[in-house]
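Colleague: I am new to this model. Please walk me through it, starting with the strands.

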Amino acid sequence: MVTFDADMIPKHDFLTSCVPYFLTGEKIGFVQTPQSFYNPDQFQYNLYSENRIPNEQDYFYRDVQVGRNKSNSVIYGGTNTVLSRQALEDVGGFYTGSITEDFATGIEMQSKGYRCFATNKVLASGLAPGDLKSLIKQRQRWARGCIQTGKKMNLLFKRGLSFAQKLNYISSITYWYSGLKRLLYIMSPILFAVFGILVVKCTILEILIFWLPMYLLTNTCLRMLSGNIRTTKWTNVYETILFPSLLPAVILETLGITMNKFVVTRKDGAQNDDRNYQIKQMIPHLILAVLSIIGIVNCIHWTFSQGTIGFLVVLYWLLINFYNIMMSIFFLAGRKVFRNHERSLASVDCTITTEGETISCLTHDLSEGGISVMLDKPKYIPSDVEVSIRLVNDRYASEFTGKVAHVASIGNRWKYAFIVKEMTEEQQRQLLHIIYDREPTLPQKLDKDISTFEDIRLNFVRRGQSEFMSNRKLARIPLNRTVNTSKHGAVTLLDFNYEYVLLETSRHDLAYEMKLPLAEDLTLDCIWVQSLRNKRGNLYRVTNIGDIVRNHQMEALEALLTQWNSEQRQPGRPNVTAKDKHFSDDELNEMAYL
C-alpha cells in the first residue's frame, strides 16, 4: 500500500525505487521517502532565502531519518510511504488513538518486529504550507500528537521495542520541549543585563574550557554530519521563530488538556496572511527584542565604566539571541505573494513557432500557467498573437499555444515569458509530468557564502525596496545609433522595440512621418506618437513591421540590431539604459495600472 498527502506528486520511478526493499526476504514494514516540496516553505520565502537555504524539513527527512535506519526507529511520516499490507493488518490497521496516526502506526509495526527503512532519495514532491497560520497549526498538531502517542503507548515500557528504539522515540518526543530551552537561553542574559538577576555564575576561564569547545564542535559537527543541510545557527532561528506558538500547546498537552480533533493543513496555494494574526504572533518577539537592546546597551556601558571584559560574554550572548529574534520578526512580518503558480527552474528543450520563424531554445523555468526561455538575441514576437510552444524531454512531450507575458534584458541575454492559452487535456497532463516529474530545484544545501550579516542586510534591503513589476511585452533594445534621413537630417535611435522607436532629432521642427533607412532595402516607416516630457526624445510607431516580417527581412533587421546593441554596450560609448529619465514615459508600471 502507498500513502500520499493529497498535494503530493510522485515521480515515475516511485514504485520501482521502493518496492525492491520488500523483496529482500526481510520482514519489511514500510519504506519512507523524503517529504519534498516544489514551492519555497515559509522560512525560505519570508526570509528572502529561497535560493540560499534548503527547506526546513530537509534536515529531518534526508539526514535524521536515514540515521535512524541503524536502530530501526524510522518515523512513518504519513506521506510518500510504501507500506506492507501484512504489517498493517498485523497491527490492527492505522492507529486511531492519536492525531498523529502515522507516527503511532510506525511504532506499532516496529514493535511487532517489522524492519522499516528511510531513503534520502526524493521520489515525490508537494506543497509546503502557504501561510503562517497553517504552518503554526501544523506544528502544534505534530507536537501534540507526538506527546499524545508517547503517553498513550507508554513508550518507556512498550513491549517489542529495543532500548535504542525507545531512546530514539523518546528523543523525538522531547524535541518538542525545545521551546523551554529556547526561552531559558533567551531570558538568561536578559535577566542579568536588564534586571540584575544572576542566572549563570562562572569565570572567563571556565567559559573557555567548558562552553567554547562545545560551541565550536557542535557547529562543526552539525554542518559536516548533515552534509551542509543544517547548522546550529539555522536551528536556533527556527526554534526562536516557533517557540512562543508551540510552548503553550506543548504544556497543555503535557498536562492532559489534549487536542483530539485532526485539522488538515491548508495547502490551497500561498495566502497573504491576516495582518492581525501576524502582529499577534510577533508581540513576544518584539518584547524580547526591546529587552535585548536594553541589555546590550547596559553591557557596553558596564564594560567601559568598570573596565572589565567579563561583560563581553553576556554581550555576545545577547547579540546572538538578538540576531535570532530579528530573523523571527522578519519571518513573522511576512512577504507579499504575487505568483498564482509555483515555478520550477528547469532546462527543457523548447520550440517556439511564430508567424515568421521557428525558435529552438531551452526553458529557464516552468509552471502550470506558463514558461520562460532565455534567448541570445532579441526576437520580434507580437504580444497579441498566439504562438505554438512545444516542450520535449526524454520521457514526455507537450504542445500548446501561448502569448508573450513579459520580456526582460538580463545581462547580454533576453528572457521571454509566455502564458499558456490553449491546450488539450492530454497535453496538459504531459505538461504536468514535465513540470513535476523531477527533483525540485530549490536548494538542497546551505549557500557557502551565507553569513549572519548578509541575512540581516538582505532582509532590510529587500523589505525596503518597493515592488515593481514591468509589463513590457516586447524586447526593448538600447541603440544610441545615428542614421541620416533624406528629409530630416541626422536622427539618433535611442531605443527600439520593433513596434515603437524612440528618436532624438537634431532639428527643432517635429516630423509627423519619417522614414529611417537602416540598411540597403531595409527602411522603417514611422509615425509620431508623442513627445516625452523632458523633450529629449520623440516616440514613433513603426507602421511597416508586418511587411518586414512577411518579406523575410526580420533576420537582417535582428542581425543589425544585435550589432548596434553590442557596439552600444562597448566601453567608451555613451550608454543609454532604462535608468535614463527619457525612458520613463513609455514604460508601463503594471502595479500602478492595476
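Modeller: One term to begin with: two strands count as paired if DSSP finds at least two bridges between them. Also keep in mind that this is a predicted model.

Colleague: Fine. Which residue stands opposite Ser 36, then?

Modeller: Ser 125, which is in β7. Strand β7 covers residues 124-126, and β4 pairs with it over two bridges in the parallel sense.

Colleague: What sheet do those strands belong to?

Modeller: An open one of three strands, ordered β2-β7-β4, with mixed pairing. The edges are β2 and β4 (36-37); each has a single partner strand, so one side of each has no neighbour in the sheet.

Colleague: And what is the strand order in the sheet of four?

Modeller: That open sheet runs β1-β5-β3-β6, and its pairing is mixed too. Its edge strands, β1 (2-3) and β6 (115-118), each pair on one side only. Two bridges hold β1 to strand β5 (residues 81-83), in the antiparallel sense. Across that pair, Val 2 faces Val 82 in β5.

Colleague: Which helix packs on that sheet?

Modeller: α5 does, touching β3 (28-32), β5 and β6. The direction of α5 makes about 140° with that of β3.

Colleague: Which residues of α5 meet α6?

Modeller: Phe 103, Ala 104, Ile 107 and Glu 108, and on the α6 side they meet Cys 146, Thr 149 and Met 153.

Colleague: At what angle do α5 and α6 pack, and how far apart are their axes?

Modeller: The angle is about 35° and the axes are 9 Å apart, for helix α5 (residues 101-111) against helix α6 (residues 132-153). The crossing of α5 past α6 is right-handed.

Colleague: Another helix, α13. Which of its residues are buried?

Modeller: Gln 430, Leu 431, Ile 434, Ile 435 and Tyr 436. Strands cover them, including β8 (344-345), β10 (358-367) and β13 (397-410). β2 (9-10), an edge strand of the three-stranded sheet, is also part of that cover.

Colleague: Change of topic. Is Met 374 buried or exposed?

Modeller: Its relative accessible area is 14%, and the cut-off for buried is under 20%, so Met 374 is buried. Met 374 sits in strand β11 (residues 370-375).

Colleague: What does Met 374 touch, leaving out residues up to four places away in sequence?

Modeller: Cys 361, Leu 362, His 364, Ile 410, Arg 413, Trp 414 and Lys 415. As for Ser 347, it is 27 residues from Met 374 in sequence, and the two C-alpha atoms are 10.0 Å apart.

Colleague: Back to strands. How many bridges join β15 to β16?

Modeller: Seven, with strand β15 (residues 477-485) and strand β16 (residues 489-496) running antiparallel. Thr 482 has Thr 492 in β16 as its bridge partner. The hairpin between β15 and β16 goes through three residues.

Colleague: Last one: how many helices and strands does the whole chain have?

Modeller: 17 helices and 20 strands. Of the 594 residues, 48% are buried. The C-alpha trace spans about 95 × 75 × 40 Å along its principal axes. Among contacts with a separation of 6 or more, 72% come from residues 24 or more positions apart.

Notes:
Residues numbered from 1 in each chain as written. Predicted model: local features only at pLDDT ≥ 70, side-chain atom pairs only at ≥ 80, totals over all residues. Heavy atoms only, no water. Axes fitted to C-alpha atoms, helices over the stretch in contact; angles between N-to-C directions. Left-handed = near helix turned anticlockwise from the far one by under 90°. Contact = heavy atoms within 4.5 Å. Buried < 20%, exposed > 50% of the residue type's maximum accessible area, 1.4 Å probe, protein only.
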